[in-house]
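User: Please show me how to read the features of a structure. I would like the general idea, then the case at hand.

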Amino acid sequence: MTAASIGMEPARGGALAGRLRDPAILLIPAAAFLAFFYVLPLIDLTRISVSGPTWSAFFERVFAVPLYWDSLLRTMQISVTVACLCLLFGYPTALLIHRTRGIAQLLIATAVVLPYFIAILIRTYAWMVLLGRNGPVNKLLVGLGILSEPAQLLFSRGTVFLGMTAVLLPLMVLTIYSSVARLDQSLTRAALASGAGPIAVFWRVLLPLTLPGIGAGFLLVFVAALGFFITPTLLGGPGDQMFAMHISQQADSVTSEGFLQALGVVLLVITLVVVGVAGHFLGFEFIWGGGKLANKASAKTVSRAGGADGRGRTLATLLADAIGWPLLRLFGRLPAGFGTWTVWLMGGLVIAVLILPLVVVMVISFSSASYLTFPPPGISLRWYEKFFSDSNWMAAFWNSLQVAALSACIAVALGTSAAMGIVRSSIRGKSAIMLLVVSPVIVPPVVLGLSLYSLFLRFDLTGTVAGLAAAHAIGGLPIVVVILSAALQAVDPKLEQAAGVHGASPLTVFRTVTLPAIVPGLAAASFFAFLHSFDELVLSLFLSSAQLKTLPLMLWADINYQLNPVLAVVSTLEVLLVVGGIALARPVLARSRAGV
């Protein structure tokens with residue numbers, strides 16, 4: 001061995017140690033997990049879909065059979081309509097939250113946020129109760145003389161629109177509000193000081209600045225609606241079948257292999273194309289709520305406002321010039337307080353639509369009647385006693401707790417590591433990495449469940465707690481990464497560097513400096529990852545078994561075959577769980593903000 005080679009050994013060792021200290025290495029566990037449980041199953045799904053006599057045989061059948069083609073068009077139509085309805089009612093609600101202050105703002109925001117974290121199945125069940133023959137809506141219409149007897153208000157296209165809009169409204173409101181909250185208020189004040197009326201300020205200043213949030217909210221709602229099948233199944237009729245419903249209905253058919261996967265690939269491709277086109281124009285940050293969009297919009301709008309030669313005009317200002325002035329002349333004749341009253345009325349309607357169904361269900365859970373009726377003829381705890389004494393319900397409850405706890409642990413461990421790797425490393429392509437990590441939130445759950453089914457059969461994971469927890473963690477991981485990435489960005493890296501300079505190992509730096517600073521975010525991430533798994537139904541339908549029934553599966557079975565107040569008890573406990581979790585998180589998050 002030469003002296004030169006001896007001298008090279010320490011250099012190689014130092015380079016290896018340097019690579020091991022690079023935070024980018026922390027991305028490996030999450031990348032390996034997603035590769036095995038997420039990417040490979042989707043690739044396998046695509047492989048099976050092209051395994052027919054010709055690669056396009058199954059796809060030709062999808063588009064040739066009127067049943068599936070009509071269902072696909074219907075899905076697109078319903079999704080667009082729901083997104084428009086959410087935008088129509090969500091924008092005034094976001095403005096209402098922004099314009100109120102103090103306890104009023106807190107109550108309105110809570111009324112929007114709370115339903116967002118309640119399971120879709122429970123919110124849909126609440127509408128079934130509300131619109132049922134013995135429900136309060138029918139009784140109100142009969143009492144007012146509008147109907148002579150209770151009518152069938154369920155199982156129509158209108159109830160599908162109502163249910164899906166109510167379920168997705170919080171997503172639209174929160175997305176638009178994040179854009180409104182970042183506005184520079186001096187711009188609107190300057191416009192008002194220059195003599196512009198409230199309508200003109202809205203049309204020429206507020207609307208252009210919030211267009212990115214509007215676009216992001218519309219696309220998120222549209223993409224989420226594409227994969228819906230719980231709400232249309234329970235509230236719709238035979239003519240309201242959406243595309244995802246065909247996948248779930250044929251999942252148990254052995255003869256559907258290949259064609260079933262083609263159905264999933266078609267839905268997946270449509271979703272990815274929509275997201276890809278949107279990402280090209282808006283930036284993919286809209287998926288995880290990045291602030292880049294609003295900054296771009298603000299810069300362009302301010303440039304337009306300050307540019308006398310009209311260069312750099314945005315789409316918003318072009319639209320304002322094309323159709324804005326006739327509208328301004330029309331609305332300019334309205335009273336000055338028209339806009340304020342519109343915001344309050346529409347915002348109040350949204351809050352009522354979001355909260356009243358949950359309140360009705362909670363009241364019914366204390367009913368003494370043996371069937372669903374509102375108002376209840378008497379108050380009783382009989383249904384709570386039935387729930388806690390029923391071995392099947394309690395077994396499902398404990399199964400859900402085990403699966404959710406394990407899933408949250410997996411998501412938090414992998415998500416914390418990934419967030420550190422994204423935020424603290426200097427690796428290139430962070431946006432692409434973040435897009436991969438959060439992409440499970442845009443993949444229709446029915447497609448993800450179908451793709452995982454083959455993998456779980458191959459490795460004998462079907463009907464196991466570990467397998468179900470890992471599947472749920474695919475959706476919990478993006479939640480953890482987004483929350484902890486924001487928490488890590490609030491931690492001054494110089495504190496970590498100072499600890500490292502004084503000889504602390506990376507693990508010691510994380511344990512003594514980083515971890516205490518991100519504990520509030522870690523607690524919030526853990527709770528929401530747990531809640532995501534606890535509420536998960538679609539993946540459980542594909543991957544569970546008769547021996548491993550979770551609470552959502554029990555709910556799903558009972559809602560489809562019998563409606564009784566026990567379901568209201570489960571719904572009430574779910575609401576209390578969410579309320580308790582948010583209430584416990586508030587002081588922790590408040591201390592975090594105070595310490596920053």
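Analyst: Start with burial in helix 6: Leu121, Ile122, Arg123, Thr124, Tyr125, Ala126, Trp127, Met128, Val129, Leu130 and Leu131 are buried. Buried means under 20% relative accessible area, exposed over 50%, partly exposed in between (1.4 Å probe, protein chains only). Helices are DSSP runs of H or I, at least four residues, numbered from the N terminus. The model is predicted: local features need pLDDT of at least 70, side-chain atom pairs need 80 or more, and totals for chains, interfaces and linings use all residues. Residues are numbered from 1 along each chain as its sequence is written, and side-chain values use heavy atoms, without hydrogens and water.

User: How many residues of helix 6 are buried, and what span does helix 6 reach?

Analyst: Residues three or four places apart on an α-helix point the same way, because a turn takes 3.6 residues. Here 11 of the 12 residues in helix 6 are buried, so the helix is mostly covered. Helix 6 covers residues 120-131 and reaches 17 Å from first C-alpha to last. That is close to the expected 16 Å, which is 1.5 Å times one less than the number of residues.

User: Which residues have the most contacts inside the largest nonpolar core?

Analyst: Nonpolar side chains tend to be buried together in soluble globular proteins. A nonpolar core is a set of buried Ala, Val, Leu, Ile, Met, Phe, Trp, Tyr and Cys residues joined through side-chain atoms within 4.5 Å. The largest has 176 residues, and Phe33 and Trp393 have the most contacts inside it. Helix 10 (198-226) gives the most to this core, 15 residues. Leaving out residues up to four places away in sequence, Phe33 touches Tyr38, Ile410, Leu414, Ala470, Ala473, Ile474 and Leu477 (heavy atoms within 4.5 Å).

User: Which residues line the largest cavity?

Analyst: A cavity is a set of points on a 1 Å grid over the protein atoms alone where a 1.4 Å probe fits but cannot get out; lining residues have an atom within 4 Å of a point. The largest cavity has a volume of about 70 Å³. Its lining is Pro115, Arg123, Ala126, Trp127, Gly163, Ala166, Val167, Val353, Leu354, Pro357 and Leu358. Helix 6, helix 8 (157-180) and helix 16 (338-364) each give two or more residues. Helix 16 gives the most, four.

Terms used: On a 1 Å grid over the protein atoms alone, a cavity is a set of points where a 1.4 Å probe fits but cannot get out, and a pocket is an open set with protein on both sides within 12 Å along at least five of seven lines; lining residues have an atom within 4 Å of a point. Grid points are joined across faces, edges and corners, and a volume is the space filled by probe spheres set on the points.
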